[in-house]
Amino acid sequence: MNRLDGRVALVTGGANGIGEAVARRLSAEGAAVLVTDIEDGPGGAVAKQLAEHGGRASYLHLDVTSPAEWAAAVATAVAQYGGLDILVNNAGLGDLSAIEDVSLAEWQRTIDIDQTGVFLGMQAAADALAASGHGSVVNISSIFGTSGGFGTSPAYHAAKGAVRTLTKNVAVHWAERGIRVNSVHPGFIDTRLLAQVRGTPFEQQMLAETPMRRLGTPDEIAAGVAYLAGDDASFVTGLELYIDGGYAAR
């Protein structure tokens, strides 16, 4: 399918995992994709592969905590591809510590990337998205943005919960500007972020609490993002899309 022909997308955290899968899916759907990350080697390789397979794609270094780099990223998308239609705020990190063990610096770093980075991205892209006439923002939250999870990772939960509510707030604000804003809430997805828990009781607990009894794949998240990015979701804004194997239904 080419549901996104003629559209331009900016994807953060596109060097691997969910972000890479999203970049590949949006490209396969016809979008020009600006892949961004702080991991320049892997991020550049993703963009190169997309271009080699006939897509329009390029890579740009983007620290999502930097307003200046956000402004440069939006300007690059507009200069290279003529506009910006789709923003996917995916960049993020997690942790496993309990609240007693989290330093203020660790807390702030997670908030800066997972929460403030989303705010800065939407703020920087607002005018370009409005000019597109069919702007779409997809913010990657988490099942832990709406639950207490395992009682660990307090900064991650706080940030992803903020992304959930911020998404709804901006969706209401931008509804008449022609920009839709939705959040995707992945369950336990088989990415590099889960490498630290493989073979541990955390992994077994994840599987036990997922009714489908397996991890999800990045491609399954990317499919949901592609739906929200395009015109099939033209009357959808402020939605929380759970792609979680049934976790939130328990």
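## Helices on the sheet

Helix 5 (residues 154-174) lies across strand 5 (135-140), strand 6 and strand 7, at about 160 degrees to strand 6. This is a predicted model, in which local features need pLDDT of at least 70, side-chain atom pairs count only at pLDDT 80 or more, and totals for chains, interfaces and linings use all residues. Residues are numbered from 1 along each chain as its sequence is written, and side-chain values use heavy atoms, with hydrogens and water left out.

Helix 1 (residues 17-28) lies across strand 1 (8-11), strand 2 (32-37), strand 4 (86-89) and strand 6, and runs at about 175 degrees to strand 1. Helices (H or I, at least four residues) and strands (E, at least two) are DSSP runs, numbered from the N terminus. Angles run from 0 to 180 degrees between N-to-C directions, with axes fitted to C-alpha atoms, for helices over the stretch in contact; contact means heavy atoms within 4.5 Å.

The open sheet has seven parallel strands in the order 3-2-1-4-5-6-7. Strand 3 (57-61) and strand 7 (240-243) are at the edges with a single partner strand each, so one side of each has no neighbour in the sheet. Strands pair if DSSP finds at least two bridges between them; strand 6 (residues 179-186) and strand 7 have four, in the parallel sense.

## The largest core

A nonpolar core joins buried (under 20% relative accessible area, 1.4 Å probe, protein chains only) Ala, Val, Leu, Ile, Met, Phe, Trp, Tyr and Cys residues through side-chain atoms within 4.5 Å. The largest has 30 residues, of which Val22, Leu26, Val88, Val184 and Val225 touch the most other members. Helix 7 gives the largest share, six residues.

Terms used
Buried < 20%, exposed > 50% of the residue type's maximum accessible area, 1.4 Å probe, protein only.
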